[in-house]
Amino acid sequence: MTGTAPASFTADDYEARMERAAGQAAEAGLAGLLVAPGPDLVWLTGYTPTAVTERLTLLVLAAGRDPVLVVPTLEAPDAARAPGASALTLRDWTDGKDPYAATAALLDANGRFGISDNTWAMHLLGLQKTLPGTSYASLTEALPMLRAVKDAAELELLAAAGAAADAAFEEIRGVAFAGRRESDVAADLAALLRRFGHSQVDFTIVASGPNGANPHHEVGDRVIERGDMVVLDFGGLKDGYGSDTSRTVHVGEPTDEERRVHDLVREAQEAGFRAVRPGAACQEVDRAARAVIADAGYGEYFIHRTGHGIGVTTHEPPYMIEGEEQPLVPGMCFSVEPGIYLPGRFGVRIEDIVTVTEDGGRRLNNTARELVIVD
């Protein structure tokens, strides 16, 4: 995560988020929420410690109580400058003192708490030792939709991140592919994302030829050749919000089969997008995209879920996957990214970020989905 919160959010925004989170926790039967440094803390308070160390930093939220941020004394000045700091109380602790005892005084000794997924094990174990009557559930399990529905300002930031990723694709399609290593093109993509405003690049997958059959291929030194299909999947954070898009290009003219498979994935991606509407279950998006590929005889080669949520991280709930019955709600944002992966030969993936509107869906990526020919 970056240490800078988007300027468009005020202390009132963070206060409202903390109140909403505490209320949702109470509705879920929890005594409160415990949030360590990471995306949840950034979303709730705008605060990211300069460095995450073994010293405990923990936001304590409970309905009807003022939010409290337990923080090491040496980091308290930075925490006090966070955009949401005026909406909470800082409780600092000094080296040599027991941070778990300081935190325990804020907690119901027999309560069940939601705790952020990236909390260090040593901190959770320290709390359990100090308060053996407490129990805990991961925040993703307890409140999976906490950050899922974006407000207007968040949607604007996500749209801007998507537009920046689109601009990077428009530039990369004009560079030379043949005769260059995957790592060279990946470096070009990373530089373009930064040029168009990304402060953090999370991934730049460049999977050429047979490497395209691995959805999460690690970029390597393979030299891209004429005749290769190349899967490009890239994204990161711009002003604190994520981008993630995939396009598949071909070096020179494709074969009839390559074009047919690409067209099939494009049709599946369109079907997934058309399934987006308020009230539809997340799994319906997956079913719509998967049916197109399965009906064409390639079902066994679509080996991952159709999509994942995006916000202050590039992967978060909700997930577009069979068995996920969470209804879609206006303001949710997630990827729609079907693919076909033919082992030892090539792969194709097409991905857009989509947000749910009042009557359907809106794409936040708008570059060409047709097969692009590159040199």
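D239 is partly exposed, with a relative accessible area of 42%; here buried denotes under 20% relative accessible area, exposed over 50% and partly exposed the range in between (1.4 Å probe, protein chains only). The residue D239 is placed in the loop between strand 8 and strand 9 (241-242), where helices (H or I, at least four residues) and strands (E, at least two) are DSSP runs numbered from the N terminus. Phi of D239 is near 50°, a positive value in a residue other than glycine. Most residues other than glycine have a negative phi, and most peptide bonds are trans. A cis peptide bond joins P317 to P318, with omega near 5°, and P318 belongs to strand 12.

The model is predicted, so that local features require pLDDT of at least 70 and side-chain atom pairs count only at pLDDT 80 or more, whereas totals for chains, interfaces and linings use all residues. Residues are numbered from 1 along each chain as its sequence is written, and side-chain values use heavy atoms, with hydrogens and water left out.

The feature "domain: Creatinase N-terminal" (unreviewed entry) is placed by UniProt at residues 17-149. For "domain: Peptidase M24" (unreviewed entry), the residues listed by UniProt are 157-358. The span 157-358 is 31% helix and 26% strand, with its end C-alpha atoms 19 Å apart.

D221 forms a salt bridge with R181, with 3.8 Å between the closest N and O atoms. Because D221 lies in the loop between strand 7 (200-208) and strand 8 (229-238) and R181 in the loop between helix 7 and helix 8 (182-195), the pair ties together parts that are 40 residues apart in sequence. D221 is exposed, with a relative accessible area of 55%, whereas R181 is partly exposed, at 37%. Salt bridges with shared partners also join R247, E270, R274, D352, R363 and R369 into one network.

R173 forms a salt bridge with E170, the closest N and O atoms being 3.5 Å apart. Both partners are partly exposed, R173 at 31% relative accessibility and E170 at 41%. E170 is also among the residues touched by T367, together with D166, F169 and R247, not counting residues up to four places away in sequence; contact means heavy atoms within 4.5 Å. T367 is found in the loop between strand 17 (361-363) and strand 18 (372-374) and counts as buried at 3% relative accessibility. T367 and R247 are 120 residues apart in sequence, with a C-alpha to C-alpha distance of 8.7 Å.

Helix 10 (residues 282-295) has 14 residues and reaches 21 Å from its first C-alpha to its last, close to the 20 Å expected at 1.5 Å a residue; the expected span is 1.5 Å times one less than the number of residues. Within helix 10, the residues C282, Q283, V285, D286, A289, V292 and I293 are buried. The buried residues of helix 10 pack against helix 9 (256-274), strand 12 (316-320), strand 13 (333-336) and strand 14 (339-342). Just after helix 10, G297 adopts a positive phi of about 90°.

Four aromatic pairs are found in the whole structure. The rings of F9 and Y14 have centres 6.3 Å apart and planes at 70°, so the pair is edge-to-face; rings of Phe, Tyr and Trp (its six-membered ring) pair if their centres lie within 6.5 Å, and planes under 30 degrees apart count as stacked, over 60 as edge-to-face and the rest as tilted. Both F9 and Y14 are buried, and together with Y241 they form one aromatic cluster.

Conventions:
Salt bridge = Lys/Arg side-chain N within 4 Å of Asp/Glu carboxyl O. UniProt positions renumbered as here; feature names shortened; annotations may be inferred.
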